[in-house]
Amino acid sequence: MCICGNEKDFNECCGAIITKQKAAATAEELMRSRYSAYVQANGEYLVYSAVKENQFNEDIALIEEFSNSVEWLKLDVLDVTPTTVEFKAYYKDKDSIQVLHEKSNFIQEDGIWKYKDGELYNSSVQRNEQCPCGSGKKYKKCCA
């Protein structure tokens, strides 16, 4: 299974996009590859996959430092349109489980999908939802 949660092998899914063996065919494919790159702490790909105006090489080290300081747990894709993807990415920092909830905007630059920007939502793991750690228990009886 791919890091992004798809049933495909990583090398046929996000891996091929991250290594530029193939281009993302949709905004969702690009978003999933970006999540996988965060899990791998691949700051270079995350900067490359952003629109040109937001590509800052000094961000690479910051991205890698953050990604290496947390344990990524899972990705939930909530809503997809041709140019937007709303998702929740769960991770565990030194204190607790956190959730990054964003509606991301994507555009094509020179025929290639790129991350433009996103709207962040204030979200948290709810007590009665399934724990993001994968235990199968409710959050309140597991990692809360």
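Alanine 61 lies in helix H4, which covers residues 59-69. In this predicted model, alanine 61 has a relative accessibility of 52%, so it counts as exposed, the cut-off being over 50%. Alanine 61 and glycine 15 are 46 residues apart in sequence, and their C-alpha atoms are 21 Å apart in space. From here, let's look at the sheet, the cores and the cysteines.

**The sheet as a whole**

- Four strands make an open sheet in the order E1-E2-E3-E4, and their pairing is antiparallel.
- E1 and strand E4 (112-121) are the edge strands, as each of them pairs on one side only.
- From one strand to the next, the twist averages 30°.

**Strand by strand**

- Strand E1 (residues 71-80) pairs with E2 over eight bridges, in the antiparallel sense.
- Three residues lie between E1 and E2 in the hairpin that they form.
- Valine 80 has valine 85 in E2 as its bridge partner.
- Valine 85 also has a bridge partner in E3, namely serine 104.
- E2 and strand E3 (residues 97-109) run antiparallel and are joined by nine bridges.
- The hairpin from E2 to E3 passes through four residues.
- Why can strand E2 (residues 84-92) be called largely enclosed by the rest of the structure? Eight of its nine residues are buried, so the rest of the structure largely encloses this strand.
- E3 and E4 run antiparallel too, with nine bridges joining them.
- One of the links to E4 involves phenylalanine 106, whose bridge partner there is tyrosine 115.

**A helix on the sheet**

- Helix H2 (residues 27-39) packs on the sheet and touches E1, E2, E3 and E4.
- The direction of H2 makes about 170° with that of E1.

**The nonpolar cores**

- In soluble globular proteins, nonpolar side chains tend to be buried together.
- The largest nonpolar core here has 27 residues, and Leu75 and Phe106 are those with the most contacts inside it.
- Which elements give two or more residues to this core? They are helix H1 (14-18), H2, helix H3 (43-48), H4, E1, E2 and E4.
- H2 supplies the largest share of this core, with five residues.
- Apart from that core lies another, of six residues, among them Tyr90, Ile97, Val99 and Cys131.
- Leaving aside residues up to four places away in sequence, phenylalanine 106 touches several residues, including Ala27, Leu30, Met31 and Arg34.
- Its contacts also include Thr83, Thr84, Val85, Trp113 and Tyr115.

**The cysteines**

- A disulfide is a covalent bond between the sulfur atoms of two cysteines.
- How many disulfides does the structure hold? The count is zero.
- Is cysteine 14 buried or exposed? Its relative accessible area is 1%, so cysteine 14 is buried.
- Cysteine 133 has a relative accessible area of 35%, so it is partly exposed.

How values were computed
Residues are numbered from 1 along each chain as its sequence is written. This is a predicted model: local features need pLDDT of at least 70, side-chain atom pairs count only at pLDDT 80 or more; totals for chains, interfaces and linings use all residues. Side-chain values use heavy atoms; hydrogens and water are left out. Buried means under 20% relative accessible area, exposed over 50%, partly exposed in between (1.4 Å probe, protein chains only). Two strands pair if DSSP finds at least two bridges between them. A disulfide is a pair of cysteine sulfur atoms within 2.5 Å. Axes are lines fitted to C-alpha atoms, for helices over the stretch in contact, and angles run from 0 to 180 degrees between N-to-C directions. Contact means heavy atoms within 4.5 Å. A nonpolar core is a set of buried Ala, Val, Leu, Ile, Met, Phe, Trp, Tyr and Cys residues joined through side-chain atoms within 4.5 Å.
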